[in-house]
Amino acid sequence: MDQEFKWEWELSANKKKIQFGLKELWQYRGLIQSFARKELIAGYQQTIMGLSWLVIQPILTTLFYLLVFSRIVKVSTDGVPPLLFYMSGSLLWGFFSECLTSTMFTFKHNAHIFSKVYFPRLVVPISMIGTHAFRFSIQFILFLLIYTYYWISGAVHPSIYILWLPIVILGTVTLAMGLGMIVSIYLARYNDLEPFMNFFLRLLMFVTPVVYPASLIPQSYKFLFWANPLIPLMEYFKAGFFFTKPVNMSYLFISFFITSLIFLCGLIYFKKKELSVMDTI
Amino acid sequence: MSEIILRVENVSKYYKLGVLGSSSLKKDLQSWWRTNISKNQIAIPIEKKESKDHIWALKDINFEINEGDCLGIVGKNGSGKSTLLKTVSRIVPPTTGSIKGRGKITSLLEVGTGFHPELSGRENLYLNGQILGMSKKEITSKLDEIIDFSGVERFLDTPVKRYSSGMYVRLAFSVAAHLNTDILIVDEVLAVGDSEFQKKCIGKMQDVTQKSGKTILFVSHNLLALENLCNKAICLSKGNLVDAGDAKSVISNYLNKEKVEILEQNFQLTDTYVGNEFIAMHSISLKPQYNDFNIIDTSIPLLINFSFLNKMLGSDNLSVHVLLYYYGGDCVFETRSIPTVYANGKINGTCLIPGNFLNDGHYYISISFIRNSSKVLYEYTEALVFDVADYREDKSSFGKWIGAVRPNFPVHLEEALM
């Protein structure tokens with residue numbers, strides 16, 4: 001007695017293939033916007049300084065790094081003005097770690113919504129990254145203003161590597177989101193991952209040239225360049241603004257390769273588990 | 001003739017039970033190895049039997065809904081109603097079987113999903129609407145209607161954390177009531193809010209089905225509302241579909257069959273866990289203060305004893321509300337404890353319903369735990385179910401006494417002296 005008409009959708013226990021649901025995601029673009037806005041506004045509600053925290057935060061971090069690493073520990077900055085050096089490092093690192101952290105808590109922090117209503121779960125990490133991208137761009141503009149001052153005074157000058165900038169930033173987001181998506185699924189089930197990831201992030205910051213130049217990495221540890229896709233990204237980001245010495249291009253391509261691999265795995269795993277993970281949370 | 005809009009075929013849902021702990025990773029790895037590497041075991045047992053470490057919340061459910069139908073789902077606590085709604089609304093995937101449908105499906109399993117306390121009423125209205133699948137344009141075009149329905153226009157630019165719980169619910173339901181969708185799934189949301197607003201909501205939902213021909217799946221403990229609203233119904237029991245058809249007959253079958261008495265529940269002794277991260281029920285019992293016969297009649301005082309584990313952290317007030325309902329109907333009364341800060345640990349409570357107060361009938365008692373007089377931490381519905389029999393001291397009076405209560409303050413008559 002099967003009717004002639006066509007079903008428009010089907011939810012089935014055995015999904016044959018994974019669909020990324022890009023069309024569906026597009027329909028929810030309004031929600032992505034709203035979530036991103038909510039995240040941005042709600043974070044600064046009932047604060048005296050309001051959105052100016054966006055600017056104060058990186059300045060304070062930079063000044064702190066400046067004090068500790070430049071004045072106390074006296075780490076070399078490869079001749080780059082310390083203020084710019086620490087600011088550029090903390091800018092990109094902060095963007096990476098915030099994107100990763102907010103993506104990995106996708107299920108954990110939104111379980112109350114996810115258990116009540118359906119929408120493509122990718123909406124949450126994408127909107128989170130939107131929020132962080134907005135914050136990043138404000139902070140980046142601040143950085144550019146300070147940079148221009150130094151440029152005019154002749155202390156620094158940009159190099160040809162600056163053309164890589166958009167791709168480097170994109171690579172950073174992709175890496176953070178890819179890692180975050182994989183972790184988010186496991187984090188929903190195993191709380192142990194939360195302290196582990198905190199530890200991992202702190203460790204990663206020190207094996208990435210954030211507060212020191214990559215030239216300080218001894219020759220025998222150069223394999224770190226290969227293992228950590230964040231290092232070439234960080235180096236190319238800095239190289240665009242203050243050219244110190246040429247950076248091997250092949251490292252960057254390896255980093256892109258690893259990043260895309262992680263992102264693809266993360267996306268497939270996320271799409272596969274986005275609904276069933278709610279059974280285990 | 002209306003066409004089928006949703007078909008549920010052989011849907012089953014399997015849940016693992018037990019606490020996650022240090023051993024769960026090992027178990028996960030073992031079962032992953034067995035299913036994916038050595039392939040000598042399938043992930044889920046085929047036989048749908050109850051066991052200590054898993055449960056079949058739904059077992060081979062089959063049904064269809066025609067366009068414009070309003071389908072009520074009845075069943076006791078734990079019969080799988082909510083799981084069914086969650087499966088149909090795509091929140092959790094079915095373990096076996098499939099659900100096919102046409103058109104846009106929206107689920108309203110809770111009012112105010114995604115409300116952010118720091119945002120204003122207006123901002124939340126947009127956010128909530130978009131979570132439920134409306135576009136910004138759609139919301140803007142219906143904004144006046146929504147605000148008008150909610151009756152909170154004066155507070156629209158106030159953060160919702162300053163709202164009273166009533167205002168919060170009104171605003172949240174108003175968004176939901178104006179959803180533009182083909183299939184609407186509603187779970188127990190009408191249990192909140194004051195009765196006047198509840199009526200308004202039910203009226204709105206009736207409008208929705210009758211005028212615009214939308215399809216609704218509806219779960220409620222209020223069988224009267226269900227009977228008014230729905231034309232079809234299904235009945236679930238322990239994950240099985242036991243009855244389906246015309247709403248009136250399904251509901252009356254259910255009432256007759258399920259008319260049970262629960263005078264005591266002890267959760268410490270069983271494996272079933274009742275509660276959440278804030279509250280764990282230990283026990284609840286109804287002790288009739290019998291005098292001569294062991295029958296609960298209208299003259300017998302009823303003592304409710306309960307105990308629970310307070311796991312709520314922080315220095316927030318906790319109060320316990322005891323609510324008495326007609327079975328399948330409205331609330332008769334609600335009584336509350338004084339909000340107080342309690343230490344974590346076991347707390348005992350009592351509540352005495354005096355004799356000569358309730359009318360005869362079938363009742364159930366729900367208990368809810370409230371934080372800071374506003375936030376429902378946990379609600380356990382149908383904790384106790386009992387019958388109150390008619391009591392006639394004076395055999396000369398006939399007929400059922402009408403009214404929700406039957407208090408003992410008789411009318412006095414006196415012959416006036418001329």
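**Chat on a two-chain predicted model**

Me: Start with β2(B). Which residue there is the bridge partner of Val11(B)?
Reply: Ile61(B) is the bridge partner of Val11(B) in β2(B). Keep in mind that this is a predicted model.

Me: How many bridges between β1(B) and β2(B)?
Reply: 9 bridges, with the two strands paired in the antiparallel sense.

Me: What packs on the sheet there?
Reply: Helix α2 of chain B, residues 81–88, does. That helix touches β1, β2 and β4 of chain B. Its direction makes about 60° with that of β2(B).

Me: And what is the strand order of that sheet?
Reply: β1(A)-β4(B)-β1(B)-β2(B). It is an open sheet of 4 strands, and the pairing is antiparallel.

Me: Which are the edge strands?
Reply: β1 of chain A is one, and β2 (54–66) of chain B is the other. Each pairs on one side only. The twist averages 15° from one strand to the next.

Me: Which residue of β4(B) stands opposite Leu11(A)?
Reply: Ile99(B).

Me: Switch to chain A helices. At what angle do α3 and α6 of chain A pack?
Reply: About 60°, with their axes 9 Å apart. Helix α3 is residues 53–72 of chain A, and α6 is residues 123–152. That angle makes α3(A) oblique to α6(A).

Me: Is the crossing of α3(A) and α6(A) left-handed or right-handed?
Reply: The α3(A)–α6(A) crossing is right-handed.

Me: Which residues make the contact?
Reply: From α3(A), Leu54(A), Val55(A) and Pro58(A). From α6(A), Arg135(A), Ile138(A), Gln139(A) and Leu142(A). By class, the contact of α3(A) with α6(A) has 5 nonpolar, 1 polar and 1 charged residues.

Me: What about α3(A) with α4(A), how do the axes cross?
Reply: At roughly 125°, and the axes come within 9 Å. Helix α4 of chain A spans residues 82–104. The result is that α3(A) is oblique to α4(A). The crossing of α3(A) and α4(A) is right-handed.

Me: Which residues are on the α3(A) side of that contact?
Reply: Pro58(A), Thr61(A), Thr62(A), Tyr65(A), Leu66(A), Phe69(A) and Ser70(A). Facing them from α4(A) are residues including Pro82(A), Leu83(A), Tyr86(A) and Met87(A). Pro58(A) is in the contact with α6(A) and in the contact with α4(A).

Me: How many charged residues are in the α3(A)–α4(A) contact?
Reply: No charged ones. The contact has 9 nonpolar and 5 polar residues.

Me: Back to chain B. How many helices and strands?
Reply: 8 helices and 17 strands. Chain B has 418 residues, and 35% count as buried.

Me: What is the strand order in the β13 region?
Reply: β14-β13-β16-β17 of chain B, an open sheet with antiparallel pairing. The edges are β14 (331–336) and β17 (375–388). Neighbouring strands are turned by 20° against each other on average, direction ignored.

Me: How many bridges for β13(B) and β14(B)?
Reply: 5 bridges, and β13 of chain B is residues 318–326. Val322(B) has Thr335(B) in β14(B) as its bridge partner.

Me: Last one, the β8(B)–β9(B) hairpin. Which residue takes a positive phi?
Reply: Lys238(B), near 50°. There are 2 residues between the strands. β8 (232–237) and β9 (240–246) of chain B run antiparallel, joined by 6 bridges. Ser237(B) stands opposite Asn240(B) in β9(B).

Technical notes. Residues numbered from 1 in each chain as written. Chains lettered and ligands numbered in written order. Predicted model: local features only at pLDDT ≥ 70, side-chain atom pairs only at ≥ 80, totals over all residues. Axes fitted to C-alpha atoms, helices over the stretch in contact; angles between N-to-C directions. Parallel < 35°, antiparallel > 145°, perpendicular 65-115°, else oblique. Left-handed = near helix turned anticlockwise from the far one by under 90°. Contact = placed C-beta atoms within 7 Å. Nonpolar A, V, L, I, M, F, W, Y, C, P; charged D, E, K, R; others polar. Pairing = 2+ DSSP bridges. Buried ≥ 20, exposed ≤ 12 C-beta atoms within 10 Å, placed from the backbone.
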